[in-house]
Amino acid sequence: MPLALSNADRRAPLLDLLDRYRAAMPEDEPTVGLFREFASAYADCLERACVPGHLTGSAWLVDRSGQRVLLTHHRKLNKWLQLGGHADGDGDLARVALREAEEESGLGDLIVEPAIFDLDRHMIPARANEPAHWHYDVRFVVRTTRSEAFAISDESHALAWRGIPDVAADSGVDVSVRRMALKWLKRSSSTIPTQPSP
């Protein structure tokens, strides 16, 4: 049964986005269901203090050509991933993704698409000061508009622009990052205008 929320509830925008995403990507219904169930069960799902897990916002940060994505070699997880981070109470996860992309890349003048691009639930391993917990990661397309010269933040060992076809074909890349690369390539191929016949 859908959760009825007032407009003041910080979860309301997310649930609306999830409904739109489900309509556009019906094959992702099981994942959407997990996210809706989690958000419905925990009023504090946007806070790090939510013990079972929390919502995060990530950026599929592409260059102006749409051919490359900026990935981070994540300092804590020690693997190449998309940029992103904790919501910290912000129910506008597109804004979270944009903020995290700016903070972690040093890039300015970025723009974010308001629709969900991808969803991924993954377990974060226990560390000394926190138990293992789930990240319910909501991913958005973020685009550069000007300089693509990044600056590495404390969150990363390194940053790198990678060709999206190369990411899609690289079995050493995280499976969810490869999935996003494939989604992007499929989307890009369906939006390339066809040339008129001579």
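## Charged pairs

Let's start with Glu130, which is partly exposed, with a relative accessible area of 26% (buried means under 20% relative accessible area, exposed over 50%, and partly exposed in between, using a 1.4 Å probe and protein chains only). Its side chain meets that of Arg127 in a salt bridge, with N and O 2.7 Å apart (a salt bridge is a side-chain nitrogen of Lys or Arg within 4 Å of a carboxyl oxygen of Asp or Glu). Arg127 has a relative accessible area of 32%, so Arg127 is partly exposed. This is a predicted model, in which local features need pLDDT of at least 70 and side-chain atom pairs count only at pLDDT 80 or more, while totals for chains, interfaces and linings use all residues. Residues are numbered from 1 along each chain as its sequence is written, and side-chain values use heavy atoms, leaving out hydrogens and water.

By the salt-bridge rule, the count comes to 27. Among them is the pair of Arg22 and Glu29, whose closest N and O atoms are 3.6 Å apart. Arg22 counts as partly exposed at 26% relative accessibility, and Glu29 is partly exposed too, at 34%. Another salt bridge brings together the side chains of Asp170 and Arg162, at 3.3 Å from N to O. Asp170 has a relative accessible area of 27%, which makes Asp170 partly exposed; Arg162, at 23%, is partly exposed as well.

Where does Asp28 sit? Look in the loop between helix 1 (12-24) and helix 2 (29-41) (helices are DSSP runs of H or I with at least four residues, strands are runs of E with at least two, and both are numbered from the N terminus). Asp28 counts as buried because its relative accessibility is 18%.

Beyond its neighbours within four places in sequence, Asp28 is in contact with Tyr21 and Lys183 (contact means heavy atoms within 4.5 Å). The side chains of Asp28 and Lys183 are also joined by a polar contact of 3.5 Å (a pair of N or O atoms within 3.5 Å; within protein, one must be able to donate a hydrogen and the other to accept it, and residues adjacent in sequence count only if both atoms are side-chain atoms). Salt bridges link Asp28 and Lys183 into a network with Asp118, Asp120, Asp137, Arg139 and Arg179.

## Nonpolar cores

The largest nonpolar core has 34 residues, and Leu55, Leu61, Leu93 and Val138 touch the most other members (such a core is a set of buried Ala, Val, Leu, Ile, Met, Phe, Trp, Tyr and Cys residues joined through side-chain atoms within 4.5 Å). Helix 1, helix 2, strand 1 (53-62), helix 3 (93-105), strand 7 (133-143) and strand 8 each give two or more residues to this core. Helix 3 supplies the largest share, six residues. A second, separate core of 15 residues includes Val69, Leu71, Phe117 and Val177.

In helix 1, the buried residues are Ala12, Leu14, Leu15, Leu17, Leu18 and Tyr21.

## Confidence

How confident is the prediction, and what is the mean pLDDT of the chain? The mean is 90, and 91% of the residues reach 70 or more (pLDDT is the predictor's confidence in each residue, from 0 to 100). Over residues 193-198, however, the pLDDT is below 50, and this stretch has zero contacts in the model beyond near neighbours in sequence. Where pLDDT is low, the predicted coordinates should not be read in detail.
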